[in-house]
Amino acid sequence: MNETVNEQSWIPLIVVAFASFIIALDATFMNVSISQVIADLNTDVSMIQMTMSFYTLITATFMLLSAKLQDIIGKKKLFLIGTALYGLGTFIAAISSSATMLFIGWSVIEGIAGALMMPAIVSIISGTYSGERRTVALAIAGIMGAIAAAIGPLFGGVMTTFLSWRYGFGCELIIVFIILLMQNKLPTFEPTESKSDLDIVGAIISFIGLVLLVLGILSLSEDIPTSIVIIILGLIALTAFALFEIKRKRNGKVPLLDMDLFKDRNLRTGTAILLLSYLAMGGALFAVSLYLQAVLMLNAFDTGLTTLPLTLGLLIFAVVAPSLTGKLNHKTIMSIGCIISIIGCLILSYQFRLDTTTLDLTPGLFVLGSGLGLLMALCTDISLSNIPQESQNNASGINTTGQTLGESLGTAVIGIILILGIIGGISHAVDVYAPEYSGNETFQEEVYDHFQKVGNIHEEDSTFVNIVDIIIQDTMAFVMQVTAILMGIVFILTLRLQDFKPSRHEEADLNT
């Protein structure tokens, strides 16, 4: 690392936090702009959904390779290459004249660029700060991504309602220029390996495995049998990758991923926590946004405003979390965050009806966001707490891969849960309000069709109104209960973490 680095300066953190923000924002802000994009580019829903899915898919699949490239190219240089590439992709997306052009700019170029930047964000912070300052820096950078994902619908709503979705990409391009203008404020890190150390075979195997795994999960709602086969093939490929990497290291060669890192309990457990917590947050946010638009018929802007309490909870408690580490250890604070998140899910599980107001959802969303803020703010720090400096790049790749997989899989997993909830809700509702039609599949299909048009239900359709109301309550309650179960699993995982509290001698680590 450059010896002139001033650890007291927060400017390097600001630069990389900007990057963390736009990468996460890109994954969510277009959710509320789909209909307008379809009209502007003369395309269809499936093409836009594929474009959105492939952005996170490509980012996830290139993450491990990117982590290794930091050792070969240097983390600062790789970060800046990724930033410049991201700017190019954003520009192409903003001026897209066709769905294909949007796919190339957004999904492909920005997806690869995001993969180059994300592991570098974590390792630059780990290499620049130490002790409590590292805890604060990692908390801020990590939570910037979570906040960006949470406010994405509001940002997209403002852009689409008052300007154009193209301006969303334009705003990201401005942030890219700011990052590039401030590049001299980032410390320089020298490469530690040569090009000959690059594990090309391992990169190909890991790429195939991650693509199959994510594709299989993303397509679960469309064709479950085929998706399961694809997921199994992906897991087989990833197992082969792990065995290949172990053998490569035994033969004295540099592996793409050092599997010995998984022996560290905090890294292993922390990565699982990140995956599940981002999956829970992304999935819950998707379900709530869908409810607000499809049931309450809110526009893009109002949908974003309604989910704002979750963002505020995230922000406030993410800022508070590092200051609490002086009194409580990371493990305890994260466990408390899980409990608070579960309480938020349980509060929300009773709030979804046809006559629900946005004010009804505010307490539950705020409590859920508050718990996630405490959890996410400290997770990366404790995950990397026992990793030696020379392995930080590799470990950051593992950590960010878990986070990205969680982000990309949240919508798909909750989508399956929504379908199961609707099916169960219809059966329950018909039993209550139309028992004479219990077991009548034709009638239940009619109810489902009517449910699809829930926004057009009239008062005289009292039976259907009651049926649909129960379906909504049962389905959203099921979603929030599953989210609570996921956070319960995360709580159990936090108990497996080794206690970590930055010691004062760590403050001098970078100067020795």
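A: Start with I232, which sits in helix α10, residues 224–250. Helices here are DSSP runs of H or I with at least four residues, numbered from the N terminus. The model is predicted: local features need pLDDT of at least 70, side-chain atom pairs count only at pLDDT 80 or more, and totals for chains, interfaces and linings use all residues. Numbering runs from 1 along each chain as its sequence is written, and side-chain values use heavy atoms, leaving out hydrogens and water.

Is I232 buried, exposed or partly exposed? It is partly exposed, because its relative accessible area is 44%. The cut-offs are under 20% for buried and over 50% for exposed, with partly exposed in between (1.4 Å probe, protein chains only).

I224, I228, V229, I232, L233 and I236 make up a nonpolar patch. Together they have about 530 Å² of accessible area. Areas come from the Shrake-Rupley method with a 1.4 Å probe, and for residues only the protein chains shown count as cover. A patch takes residues with over 30% relative accessible area and no salt bridge; like charges are joined within 9 Å, and nonpolar side chains (Val, Leu, Ile, Met, Phe, Trp, Tyr) within 5 Å. A salt bridge is a side-chain nitrogen of Lys or Arg within 4 Å of a carboxyl oxygen of Asp or Glu.

At least two residues each come from α9 (200–218), α10, α11 (265–294) and α16 in the lining of the second largest pocket. This pocket holds about 430 Å³ of space. Its lining counts 19 residues, and L210, L238, F262, T401 and L405 are the closest to its centre. α16 gives the most, with five residues. By class, 15 of the lining residues are nonpolar, three are polar and one is charged. Here Ala, Val, Leu, Ile, Met, Phe, Trp, Tyr, Cys and Pro are nonpolar; Asp, Glu, Lys and Arg are charged; the others, Gly among them, are polar.

How are such spaces found? On a 1 Å grid over the protein atoms alone, a pocket is an open set of points with protein on both sides within 12 Å along at least five of seven lines; a cavity is a set where a 1.4 Å probe fits but cannot get out; lining residues have an atom within 4 Å of a point. Points are joined across faces, edges and corners, and the volume is the space filled by probe spheres set on them.

M118 lies in α6 and counts as buried because its relative accessibility is 9%. M118 and T59 are 59 residues apart in sequence, with 9.0 Å between their C-alpha atoms.

Finish at helix α18, residues 462–495, where M487 lies. M487 is buried, with a relative accessible area of 0%. Its C-alpha atom is 10.0 Å from that of L279, 208 residues away along the chain.
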